[in-house]
Amino acid sequence: MINLLQFQLLTEKSIISLENNKYVFKVDTKLNKKQIKRIFEELFEVKVKSVNTCRLTKTFSNSYKKYSNFAKKVIITLDPGNVIQFVK
């Protein structure tokens with residue numbers, strides 16, 4: 001399951017949203033919202049309030065004349081009092 005979560009996106013906007021219990025991750029494109037919610041609740045032992053997903057735009061590489069793979073961005077909102085701890 002851990003290989004389905006690719007990494008946490010750390011941008012200025014996502015760091016500000018941490019104050020509202022919102023975490024931004026890049027995940028596998030094949031996952032749906034129910035699967036993402038279940039993975040986060042099992043891995044990090046938190047209660048997920050909502051899951052918002054969006055596909056990032058394709059990038060075009062002129063040197064290879066092909067599109068790179070899509071990426072899926074997920075915004076996880078946790079219930080108040082829950083925090084994702086990456087290191088225990």
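A: Let's begin with a definition: buried means under 20% relative accessible area, exposed means over 50%, and partly exposed lies in between (1.4 Å probe, protein chains only). What you see above is a predicted model, where local features need pLDDT of at least 70 and side-chain atom pairs count only at pLDDT 80 or more, while totals for chains, interfaces and linings use all residues. Residues are numbered from 1 along each chain as its sequence is written, and side-chain values use heavy atoms, with hydrogens and water left out.

Q: Okay, let me try that out. Is Glu-45 buried or exposed?

A: Glu-45 is exposed, with a relative accessible area of 62%. You'll find Glu-45 in the loop between helix H2 and strand S3. Helices (H or I, at least four residues) and strands (E, at least two) are DSSP runs, numbered from the N terminus.

Q: How many residues does H2 have, and what span does H2 reach?

A: The expected span of a helix is 1.5 Å times one less than its number of residues. H2 (residues 33–44) has 12 residues and reaches 16 Å from its first C-alpha to its last, close to the 16 Å expected.

Q: Which residues of H2 are buried?

A: An α-helix has 3.6 residues a turn, so residues three or four places apart point the same way. In H2, the buried ones are Ile-36, Ile-39, Phe-40 and Phe-44. Looking down the axis of H2, they fall within an arc of 95 degrees (taken from the directions from the helix axis to the C-beta atoms), so they line one face of the helix. These buried residues pack against S1 (5–8), S2 (22–27), S3 (48–56) and S6 (71–78); contact means heavy atoms within 4.5 Å.

Q: In what order do the strands of the sheet stand?

A: Strands of a sheet pair through backbone hydrogen bonds, either parallel or antiparallel. Here 4 strands form an open sheet in the order S1-S2-S6-S3, with antiparallel pairing. S1 and S3 stand at the edges with a single partner strand each, so one side of each has no neighbour in the sheet. Two strands count as paired if DSSP finds at least two bridges between them. S2 and S6 are joined by 6 bridges, with Lys-22 opposite Thr-77. S3 and S6 are joined by 8 bridges, including Thr-53 opposite Val-74. S6 is mostly covered, with 6 of its 8 residues buried.

Q: One last stop: which residues does Ser-17 touch?

A: Ser-17 belongs to H1 and is buried, at 15% relative accessible area. Leaving out residues up to four places away in sequence, Ser-17 touches Lys-22 and Val-24. A polar side-chain atom of Ser-17 also lies 2.8 Å from the backbone oxygen of Ser-14.

How values were computed. A polar contact is a pair of N or O atoms within 3.5 Å; within protein, one must be able to donate a hydrogen and the other to accept it, and residues adjacent in sequence count only if both atoms are side-chain atoms.
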